[in-house]
Amino acid sequence: LQPRRGVSRIALVRVPPFCFAMSEPAERLARQIEFIIEVDRLKDIFRQTVTTRSRRRENDAEHSWHLCLCVMVLAGHANAPALDVLRVLKMLIVHDLVEIDAGDTFAYDTAGMADQHAREAVAADRIFGLLPDDQNREFRALWDEFEERTTPEARFAAAIDRFQPMLLNCRTEGSAWQKHGVTHDRVLARNAQVADGSRPLWDYAVQMLQKAVASGHLAPKPPG
């Protein structure tokens with residue numbers, strides 16, 4: 001057909017509907033970036049342990065970094081002879097991300113620990129759910145493995161997670177222990193599972209705690 005005089009010919013182009021939707025790789029990248037930004041909030045979650053120089057409270061991101069460095073240095077002391085160190089590092093990087101929502105629960109807060117796992121599981125659903133589905137499943141599996149402590153990697157990860165706060169407390173004159181009235185017997189009971197991941201680290205910790213008691217930095221077990 002010829003167009004009417006004075007009317008320009010307009011080419012009608014069929015636009016594929018997917019042109020207006022984000023491509024799958026782009027959507028994947030967008031979700032990953034949003035997750036990375038969200039977990040930056042971990043730097044604002046503060047723990048009860050303090051740093052050895054400034055004596056300010058350690059934040060969760062610093063704690064996670066320090067645990068991973070401990071693994072790299074101390075992996076040779078694990079009970080398991082063929083430890084998957086990379087898997088241990090992955091567990092320790094992700095396991096405290098849930099505290100963005102659930103907050104840090106002090107190790108000797110018995111009331112707070114009663115519902116700790118339930119609160120953190122809800123947080124895991126939301127935070128890991130920001131990721132693409134495959135990474136969501138991977139991160140959640142790592143978090144669950146750490147919580148269950150049935151694999152050699154999870155037991156060593158848990159051992160490092162318990163050992164590092166004891167070490168910082170011993171090197172800061174029992175700062176958090178004294179602040180909260182924590183006694184020697186409670187520290188032993190809370191952290192005995194270090195031996196499940198590393199017997200040498202637990203033996204070292206027992207001696208370290210005895211020295212803390214002797215120096216007055218950790219109160220002895222109450223009489224009776």
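Before I go on, the ground rules. This is a predicted model, where local features need pLDDT of at least 70 and side-chain atom pairs count only at pLDDT 80 or more, while totals for chains, interfaces and linings use all residues. Residues are numbered from 1 along each chain as its sequence is written, and side-chain values use heavy atoms, with hydrogens and water left out.

Okay, salt bridges. I'm calling it a salt bridge when a side-chain nitrogen of Lys or Arg is within 4 Å of a carboxyl oxygen of Asp or Glu. That rule gives 16 salt bridges. Arg 119 is in one of them: its partner is Asp 115, with the closest N and O atoms 3.0 Å apart. Asp 115 is partly exposed as well, at a relative accessible area of 38%.

Next, Asp 125 and Arg 140, whose side chains meet in a salt bridge at 2.4 Å, N to O. This pair links distant parts of the chain, with Asp 125 in helix α6 and Arg 140 in helix α7, 15 residues apart. A word on the labels: helices (H or I, at least four residues) and strands (E, at least two) are DSSP runs, numbered from the N terminus. Between the C-alpha atoms of Arg 140 and Asp 125 there are 7.9 Å. And what else does Arg 140 touch, leaving out residues up to four places away in sequence? Besides Asp 125, you'll find Ala 121, Ala 124 and Phe 128. Contact here means heavy atoms within 4.5 Å.

Glu 58 and Arg 47 pair up at 3.1 Å, N to O. Glu 58 sits in strand β2 (residues 57-59) and Arg 47 in strand β1, 11 residues apart, so to speak of the pair is to speak of distant parts of the chain. Both Glu 58 and Arg 47 are buried.

While we're at those strands, have a look at the loop between β1 and β2, where Arg 55 lies. Phi of Arg 55 is near 65°, a positive value in a residue other than glycine. Arg 55 is partly exposed, with a relative accessible area of 38%. Glu 173, in the loop between α8 and α9, also isn't a glycine and has a positive phi, about 55°. Its relative accessible area is 37%, which makes Glu 173 partly exposed.

Rings of Phe, Tyr and Trp (its six-membered ring) pair if their centres lie within 6.5 Å; planes under 30 degrees apart are stacked, over 60 edge-to-face, and the rest tilted. The count is 4 aromatic pairs. Take Phe 128 and Phe 139: the ring centres are 6.0 Å apart and the planes are at 70°, so that's edge-to-face. Phe 128 belongs to helix α6 (residues 116-128) and Phe 139 to helix α7 (residues 133-148), 11 residues apart. Both of these Phe residues are buried.

In the loop between α6 and α7 we get Pro 132. Pro 132 is buried, at a relative accessible area of 5%. Leaving aside neighbours within four places in sequence, Pro 132 contacts Arg 28, Arg 31 and Gln 32. Pro 132 and Gln 32 are 100 residues apart in sequence, yet 7.1 Å apart in space, C-alpha to C-alpha.

Last stop, the largest pocket. Its lining has 31 residues, with Ala 107, Gln 116, Asp 161, Arg 162 and Arg 190 nearest the centre. On a 1 Å grid over the protein atoms alone, a pocket is an open set of points where a 1.4 Å probe fits, with protein on both sides within 12 Å along at least five of seven lines, and lining residues have an atom within 4 Å of a point. Helix α8 gives the most to that lining, with 6 residues.

Key. Buried < 20%, exposed > 50% of the residue type's maximum accessible area, 1.4 Å probe, protein only.
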